[in-house]
Amino acid sequence: MRPLIEISQVHKVYSTGASEVRALDGVSLEISQGEFVALIGPSGSGKSTLLHILGFLDRPDAGAYRFAGHAVEGLGENQFAALRSRTIGFVFQSFHLLARYTTYDNVGLPMVYTGADDRDERISQALKAVGMEDRAGHRPNQLSGGQQQRAAVARAVVNDPLLLLADEPTGNLDSRSREEILSLLKSLSARGITVVIVTHDPELASQAHRVVRLKDGRIVSDERIAAPAPPAQAAQLELPKTRLGFSLSEIEEQVHVALWAVWSHKMRSALTILGMLIGVGSVIALMSISQGFLNDLIGKAETEGANMVQVRRNWRKFPNVPELHIEDAEAIRNECPSVVKANPVVYRDVEVKRGKKSVRALLITDIGELPSSLKRGKGRKPELWLKGRWITPEDNKGRTRVIVLTETAARKVFGDEDAVGQEVRINKVAFNVVGVRQEGKESQIFGGRPRVFIPLNTALRRLFGQRTVDEIEVEALSVDAVQDARREIILLLRGKYGYREGVEEDYDVATLTGRIQAFRNDLGKFSLFVYSIAAISLLVGGIGIMNIMLVSVTERTREIGLRKALGARKSDIMVQFLVEAVVLCLLGALAGIGLGFGLALGLSLIIHVTPSLTPSSMALALVFSAGIGLTFGFWPAWWAANLSPIDALRTE
Ligand code: ADP
């Protein structure tokens, strides 16, 4: 029968600075199945190094290693991990139990990387084998040293290994516990498991079947004391298959560990996600407000304003385009078949005075006819948005000197006094205040200026002495007729003023769709600003996450070493830390969504826009933050994954 382990001429050299240490200097050894071998020798003679090489935790610099008849030199990292996971159990001098886990979960840890279905049964069996059933729910700090080492032995055998490797398993124990561990190892050996231990303990060594003594990296004696037990399994075995992907139980463990890591450092985690919180929060706030506003605008378009068209001179591009007149409005109304009404409007910057107080305001004329003027109050009942009354067609016809102020304008000149019934002056002409109205939505958002409204004819004849108007507000037959109306108006005006069809647009005829587009454009510029702030804080947040992940890796270096010794692949460790980074980012994003929407809700009290948070923008925020977690978590995770298991286990 082939031996389980065959090594020949194995060398391992450590070079630290100038000096070279030959930890193993041509070691050849065969160990059969079922043997119980004690490696002894002075400190520094290479025992642990040999044990690590036997257990696939380390590779020799030179020499051959056959495990169960298979040469292992050409095997890759994942194959090594599979061998550690399926065929080897490790027991360490310092137990290496995870302090946060119960005995039960510590014993079950290797099965995270094998994904066994009969997990509970195996753990119970292993606990029973070491006499620790009654301590399953205890944490390591509630156990004695001997009990901790028994738990560690249970962990080593839970996956049914062929080979148990123990490095000074009794080194940290009192004499009674030493006895316990000794008899435990003997019973495992009697069950047919091959056991190799490194020890200084002569009593422990004397219980072995065979004692191999090392000195200066060489075997100096090899004594057989007793015959080994008959092997548990046939010697010829297949190498275990490497795992692909991640089992459900492992993903569960990874998410669990990530949540634990975040939760156990609450303050640190909270500070870390601050950047994500601000970045995501500001974007979500902007998105929900602007989406709410657009919904509003579009909703309004659907109900009332979509058949409105604004006609203006495109004077910026064509300074010589003839002015618009009241008569043009009449012509549009009478001659364009798709038009119902046409309302000429004059805009002017004026100074509204009352005694010594004054305010600069935008004057807008009204003929008291078109629904649009009433619907400036968001389509709500006039009494809700207007105190006093609105301008009537009679006011316009009679050129009365009446005026309606917006709340802002009224507050500027009347303070808390009731403005209705009082008098103001514009260009020395006295006006009687008949109404005060709320601000429109646009001015609430973009901080609009004070506005005042007077009848059109009053403005033209009494105030400005002119016949030209700045804009004609047109109501089309229906929403579908808007484009026709637009074309008819352009043709009419060009015909009237001698402009040929086909030249560039000399009159600007804006439809509501156009205005929504314009709003989107305005928003675009503003968004760019918010998005840049968000990008900066996300970048800073990402760097913060990278930083904390590096700390996290450093803190848990020993755990990484342990997990690798128990069979974790590089990718298992890598994904472990990536999941942690992503969980952190997602928490930040969730908090950011909450904050952003809260902010939008708060703002909505001031500007009366119902914020709207779409599932797609939430999903976008989450996906984006997960991406940040992956990006900035990559390096720390990669670093963790590539730690050498031995070095990692040895860190303090
Ligand atoms: P033992 O277990 O017999 O005490 P080790 O196998 O731990 O001995 O070490 C053998 C020699 O190799 C020692 O001289 C030790 O200092 C050296 N050595 C072990 N590991 C390292 C390492 N990672 N870097 C440098 N030297 C090492």
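**R119 and its partner.** I looked up R119 to begin with, and at 26% relative accessibility R119 counts as partly exposed (buried means under 20% relative accessible area, exposed over 50%, partly exposed in between, with a 1.4 Å probe and protein chains only). D105 is its salt-bridge partner, with the closest N and O atoms 3.4 Å apart (a salt bridge is a side-chain nitrogen of Lys or Arg within 4 Å of a carboxyl oxygen of Asp or Glu). D105 sits in helix 3 and R119 in helix 4, so the pair ties together parts 14 residues apart in sequence (helices are DSSP runs of H or I with at least four residues, strands are E runs with at least two, and both are numbered from the N terminus). D105 is partly exposed too, at 30%.

**Ground rules.** I'm reading a predicted model, where local features need pLDDT of at least 70, side-chain atom pairs count only at pLDDT 80 or more, and totals for chains, interfaces and linings use all residues. Residues are numbered from 1 along each chain as its sequence is written, and side-chain values use heavy atoms, leaving out hydrogens and water.

**Helix 3.** Is helix 3 (residues 103–112) largely enclosed or open? Eight of its 10 residues are buried, so helix 3 is largely enclosed by the rest of the structure. Among the buried ones I noted N106, L109 and M111. Their cover includes helix 4 (119–129), helix 5 (145–157), helix 8 and helix 20 (557–565) (contact means heavy atoms within 4.5 Å).

My search of the whole structure gave 29 salt bridges. R312 and E471 meet in one, at 2.6 Å from N to O. That pair links distant parts of the chain, strand 11 (residues 308–313) and strand 22 (residues 471–476), 159 residues apart. R312 is partly exposed at 41%, whereas E471 is buried at 1%. I also found D572 with R569, at 2.8 Å. D572 is buried at 1%, and R569 is buried at 4%. Shared partners join E35, R210, D222 and R224 into one network.

**The core.** How many residues does the largest nonpolar core have? I got 75, and those with the most contacts inside it include I5, Y65 and F67 (a nonpolar core is a set of buried Ala, Val, Leu, Ile, Met, Phe, Trp, Tyr and Cys residues joined through side-chain atoms within 4.5 Å). Helix 21 (residues 570–607) gives the most to this core, with 10 residues. Apart from it lies another core of 50 residues, A331 and V429 among them.
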